Amino acid sequence: MTERNIFRGVNSIKFNQRFKDDNDCLEYLAEVKWQNGYKCKRCENNKFGNGKHIHNRRCTKCRYDESPTVGTMFEKLKFSILIAFHIVFKISTKKKGMSSLELSNEFELRQMTCWSFKQKLQQVMKSSLKSPLTGLVHVDEFVIGGPEEGKKGRSKGLKKLVVLAVEILEDGVGRAYAEVIEHSSAIELGGFLKKYVSQEAEVISDKWKGYSPLKKEFKNLKQIASEEGKNFKELHVHIMNIKGWLRGIHHHCSKERMQNYLDEYHFRYNRRSNMDTIFDVLIRKMVNYKEISIK
């Protein structure tokens, strides 16, 4: 394993100085892709020579010439790798990210092209599910969308129903996860908790009946009256922040894509104390993701 010269920071001037052209970006991708050694994608030989381009690697056995972008989310881009790096940097380091319209205006690309690439980024922003929430965890559901006549409480109508869990720390809020659900049933609420929350956590929910059966598996689950959100202040502030972000940046998200935006929001939120490496984390995820062509 070789040491990489990892880019650290959120300063755009520093970023521009590091990545001046496509060559700088390809060099960075090559370091990420082959950090743990080279293996030919076709014959699995581990020896290589110089390829057609400076950062390519050519197998000494089958002569397959592989670029740093092959098999990554940067393969078959419709724009330069340099612009792709700029988009990744903007979306990962800006507190509120950027909409496809903003990206289109800034980089002079078609909005649909930007939207498609951003959807790919959101795919790798999903939680790995390897670090469940621990300690004191508050959980509740909320709806996203405008008010509808005759629809109150947990009746969502055409709105999107979302369940949210946040870690409550002595000095504020820790990590958080949210997921779109169809119904606030014990089955769906339980499925969410199993994915994102440790069974040893002290889970606090409101009095909704959908949480009661979950006490069998989550032994430390307690239910208390919400008191119109007063007993879940941190959680409801988080909900308001999510809604404000969606309204202010994206204006409208379809139900089919809502989970992608929730994943994007929490990818940044859960790394807010480690923003200096968030760009590198996202690049690594994009390099190591399964082969996906960008359409």
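A charge is taken to sit over a ring if NZ of Lys or CZ of Arg is within 6 Å of the ring centre and within 35 degrees of the ring normal. In this predicted model, the charged end of K14 sits over the ring of F7, at 5.8 Å from its centre. The charged end of R272 likewise sits over the ring of Y269, 3.9 Å from the centre.

F7 also belongs to an aromatic cluster, together with F15, F19, Y28, F74, F85, F89 and F279. The structure as a whole holds 22 aromatic pairs. In one of them, the rings of Y28 and F279 have centres 6.3 Å apart and planes at 45°, so the pair is tilted. Y28 lies in helix α2 (residues 22-33) and F279 in helix α9 (residues 278-288), so this contact ties together parts that are 251 residues apart in sequence. Y28 is buried, with a relative accessible area of 2%, and F279 is buried at 0%. F74 and F85 form another tilted pair, 5.7 Å centre to centre with 45° between the planes. Both of these residues, F74 and F85, are buried.

The sheet is the next element to consider. Its 5 strands form an open, mixed arrangement in the order β6-β5-β4-β7-β8, with β6 (172-181) and β8 (222-223) as the edge strands. Strands β7 (residues 202-205) and β8 run parallel and are joined by 2 bridges; S205 has Q223 of β8 as its bridge partner. Helix α8 (residues 255-269) packs on the sheet, touching β4, β5 and β6, and its direction makes about 165° with that of β6. Helix α6 (residues 186-196) lies across β4, β5 and β6, running at about 135° to β6.

Methods
Residues are numbered from 1 along each chain as its sequence is written. This is a predicted model: local features need pLDDT of at least 70, side-chain atom pairs count only at pLDDT 80 or more; totals for chains, interfaces and linings use all residues. Side-chain values use heavy atoms; hydrogens and water are left out. Two strands pair if DSSP finds at least two bridges between them. Helices (H or I, at least four residues) and strands (E, at least two) are DSSP runs, numbered from the N terminus. Contact means heavy atoms within 4.5 Å. Axes are lines fitted to C-alpha atoms, for helices over the stretch in contact, and angles run from 0 to 180 degrees between N-to-C directions. Rings of Phe, Tyr and Trp (its six-membered ring) pair if their centres lie within 6.5 Å; planes under 30 degrees apart count as stacked, over 60 as edge-to-face and the rest as tilted. Buried means under 20% relative accessible area, exposed over 50%, partly exposed in between (1.4 Å probe, protein chains only).
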